[in-house]
Amino acid sequence: MTITRRQALGTGAGMLMATLAGKSLAQAYPDKPVRIIVANPPGSGLDADSRFWAAGLAAQLGQSVFIDNRPGGATTIGTALAAKAAPDGYTLLIGIPSSLCYMSELYTKLPYKPTDFDAISQLTSLRSVLVAHPGLPVSTASELVALAKARPGTIPAGTLGIGTFQHLLGEWFGAITGTGYQFVPYNTTSPYVALLAGETQVMFDALAASMSNIRAGKLKALAVTGKGRHPLLPNVPTLEELGIGDYDASTWFGLLAPAGTPKAVLDRLAAACAALARKPEVIQRYHEYGGEPVGSTPPEFAAYIRAERAKWIPVVRRSGIKLELT
């Protein structure tokens, strides 16, 4: 037997052992409760959705899965805690666009890096909508652009704070349409209450957050993002239809693990997420308010995060926003 053949057989045996070890690990995992950190407070929309997925994962995995809310520091407290956890699959994170895609550009110092996490699965995708108070004399996004050009920088747009998703959606819209808005940060109070009361006149947000008020006629939907009209709003044009392209902005959340988590564990969790995303009751839940479950693989979710970073980082840089953590 030549050395080359011995090396080849040794390499093959090593690969076989690694494969068997990975299968054994996947079969044994999880053998104790799994914690999912949510960097938002109890009772928030993200918290409710996270608990829904945690319950479904518990059924899929045959093990307890519980939510650990760690709000504060613009989501950095919980995110940093997850980044520092042992990479064994027993502490996970619900990741959102801000924590993974643009916080590193907004804040001069963060207690974690996006590379501190391994992608598991994108759980949901929620399309965005441009809404207006009924008293604003526009019916489409094109009419809003014309009005904003006639009244530069004076139309008030509510946000949950400087650098939040609503704010950056508005900054991006303004950049591609050549318009400016008076962004009003409400922080702990609701920008939706202000919009309904007429204190502000427009808002850029996830469709799910505005759907109930659109249905009730309390807000006007001017346009939706995406490649086709949304089935919940068949009479509302897309921004693409109106000639406002390059604005495919959606929000989403997904499951992540500390970097270095074994691939077999990531794959086991991703398979459980995909199985949940295919369930009719899960699909129905999200379709009712404008979203859809995804259930992607770890490589697919990692590629999606990279694409989202490439999209959002230029938006933040154009805005010139720089924040400090307090």
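How many helices and strands are there in the protein? There are eleven helices and ten strands, where helices (H or I, at least four residues) and strands (E, at least two) are DSSP runs numbered from the N terminus. This is a predicted model, in which local features need pLDDT of at least 70 and side-chain atom pairs count only at pLDDT 80 or more, while totals for chains, interfaces and linings use all residues. Residues are numbered from 1 along each chain as its sequence is written, and side-chain values use heavy atoms, with hydrogens and water left out.

The C-alpha trace of the protein spans about 85 × 40 × 40 Å along its principal axes. Of the 326 residues, 50% are buried, that is, under 20% relative accessible area with a 1.4 Å probe and protein chains only. Among contacts (heavy atoms within 4.5 Å) between residues at least 6 apart in sequence, 79% join residues at least 24 apart.

Within this fold, strand β8, residues 220–224, is mostly covered, with four of its five residues buried. Strand β4 (residues 117–132) pairs with β8 in the antiparallel sense over four bridges; pairing requires that DSSP find at least two bridges between the strands. Val-224 in β8 is the bridge partner of Val-129.

The surface of the protein exposes about 14,500 Å², of which carbon and sulfur atoms supply 58%; the area comes from the Shrake-Rupley method with a 1.4 Å probe.
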